[in-house]
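Hello,

Here is the structure we talked about handing over. Please open it alongside this note; the findings follow below.

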Amino acid sequence: MADGVEAELKVAVDAAGASRLARLSTLPGLGVAAKGDKRLVSTYFDTPDLALRAKGISLRLRRSGRSGEQTVKFSGSFSLGLAERPEFNVPHAGRVPDLTRLPDEAAAELGKLVDGRPLVPLFSMRVTRRRWEIVTPGGDRVEMALDRGTATAGSRRADIREVEFELLSGDRRALFEVARPALAGVAFHFSTQAKSDLGYALLEGEIGAAEPTTAIDAKLDDDMSVEMALQLVLRSCAAQISANVAALRVGDDPEGAHQLRVGLRRLRTALKIFAPVIAPGAAEPLAAEAQRLATDVAATRDMDVLIDELVAPLDGGDDMAALIALLEKRRKAARAHLASVLADRATGNFLIDLLAFTEARGWLSMDDVGQSVDLAAPVTPFAERLVARLRRKVEKLGRDPEALSPDERHELRKRFKRLRYAYDFFDPLMPKSVRRKMLPRVKAAQNVLGVLNDIHMAHLLLDDLHAVGPKAGAVERAIGYCLGWHSARAKAIWERRSDDLSLD
């Protein structure tokens, strides 16, 4: 995009995905025109003390053939792959930046930050960019660019395989309309940083494989509307889900499956608690896909918990070793199945649809006049009413824990979980007394019920396990030992901690 606000969607792909995208020629229902390849060499500059970096500004010189361009990008919004930030481009074939070539306002701002200090080259990017211009049925124009190359900072290097969908004209919802079919069948995750961020991370030696990620704080405050809070909560959920999908594609750290499962649960909870201000039926496809994916994740997560937390810690000698060997085969199969699920088209569509719903206000109704009033209302009263209602539901079912059936205990656990996530979402809006007293009690109760549920799941999984061969007897003995040990443990936990299930 020329001088103005750049709007683009950025995703990272693997080598196989990049090769597949490089052959793109048509997309169903969209006009596709190939624009050829360019070899780009970009060098990024900053002051020795990284004054531009501190303000979220990037300054680069880019060469393509004999032509050159100077670009400055100012701080803007960057939300899980979707970037909107002011950008200025001017022709410049020199080897060092010339701030006087920029528009007066941009030059003045940079001049103040630089304050006479030298601008030094820090890192470079060499990529081959393949471009397409794509036109939607509504006339929106999007440029799709596939970058393949290398980032270099001193002796450090990192591969670049990135796809950018940049809005040339029209509604930014077109970015998702184009990305969904373009990325069909390609394993990807949303970029969480600009190329300049990659370069700075490389410079500082912070580049590594994707790792499991816990929930990101939604950072709500009293001045926000219900709609602003809804969007920030959904962004938090989407960030956790996308990051852990990426982590599981490159590794098998059990924490990845755990955090992906948590992220999916948080999303489903968010869609439920904000349902009063979401257009009827608008969130149902997302909730259904989150449930589908969560079921596949659960198979791996349950095996991780069973092996690592419930079986392996027990001292059962050779019998236990035989059981663990059998369970490891099942865990391997579950992980292989999950890997195929995370790489398939349905998961990619879900990620794009989630981001589109979040960033393009997919909750809006076309015919509910009162929705605008509800969305514009202050968030704090909404949060207080919601948390109070969820708490009443917990208190009603948990009034007499000893009388609960196994199914009712499971339902109580789910109610505590929804209350816990609601507290997490709205934590900055809650009174200090609630944050200090109530949240720890909810977490403690959820932990008790969670352990009991894990033990119940172990019984189901082990009861369904039938060994054959010479070690069948050892496996059966180990199963009996595990079930007996954990049955006694569950009874002791329930007797000792049942009082913690009351919020009175």
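Which residues in H7 meet which residues in H13? From H7 they are Val262, Arg265, Arg266, Thr269, Ala270, Lys272 and Ile273. Their partners in H13 are Arg413, Lys417, Arg418, Tyr421, Phe425 and Phe426. By class, that contact holds six nonpolar, one polar and six charged residues. Bear in mind that this is a predicted model.

Now the geometry. H7 spans residues 254–273 and H13 spans residues 406–426. Their axes come within 10 Å and cross at roughly 85°. An angle of 65 to 115 degrees counts as roughly perpendicular, so H7 and H13 are roughly perpendicular to each other.

Phe426 also belongs to the core. The largest nonpolar core has 103 residues. Phe165, Phe274, Phe350 and Phe426 touch the most other members. Helix H6 (residues 226–250) gives the most to this core: eleven residues. Leaving aside residues up to four places away in sequence, Phe426 touches Leu220, Ile273, Phe274, Val379, Phe382, Ala383, Leu386 and Val387. There is also a second, separate core of 22 residues. Leu310, Leu327, Ile479 and Cys482 are among its members.

Last, the strands. E8 (residues 141–153) pairs with E9 (residues 156–169) in the antiparallel sense, over 13 bridges. The two form a hairpin with two residues between them. Ala153 stands opposite Arg156 in E9. In the turn, Gly154 has a positive phi of about 65°.

Best wishes

Methods. Residues numbered from 1 in each chain as written. Predicted model: local features only at pLDDT ≥ 70, side-chain atom pairs only at ≥ 80, totals over all residues. Heavy atoms only, no water. Core = buried A, V, L, I, M, F, W, Y, C linked by side-chain atoms within 4.5 Å. Buried < 20%, exposed > 50% of the residue type's maximum accessible area, 1.4 Å probe, protein only. Helix = DSSP H or I, 4+ residues; strand = E, 2+ residues; numbered from the N terminus. Contact = heavy atoms within 4.5 Å. Axes fitted to C-alpha atoms, helices over the stretch in contact; angles between N-to-C directions. Parallel < 35°, antiparallel > 145°, perpendicular 65-115°, else oblique. Nonpolar A, V, L, I, M, F, W, Y, C, P; charged D, E, K, R; others polar. Pairing = 2+ DSSP bridges.
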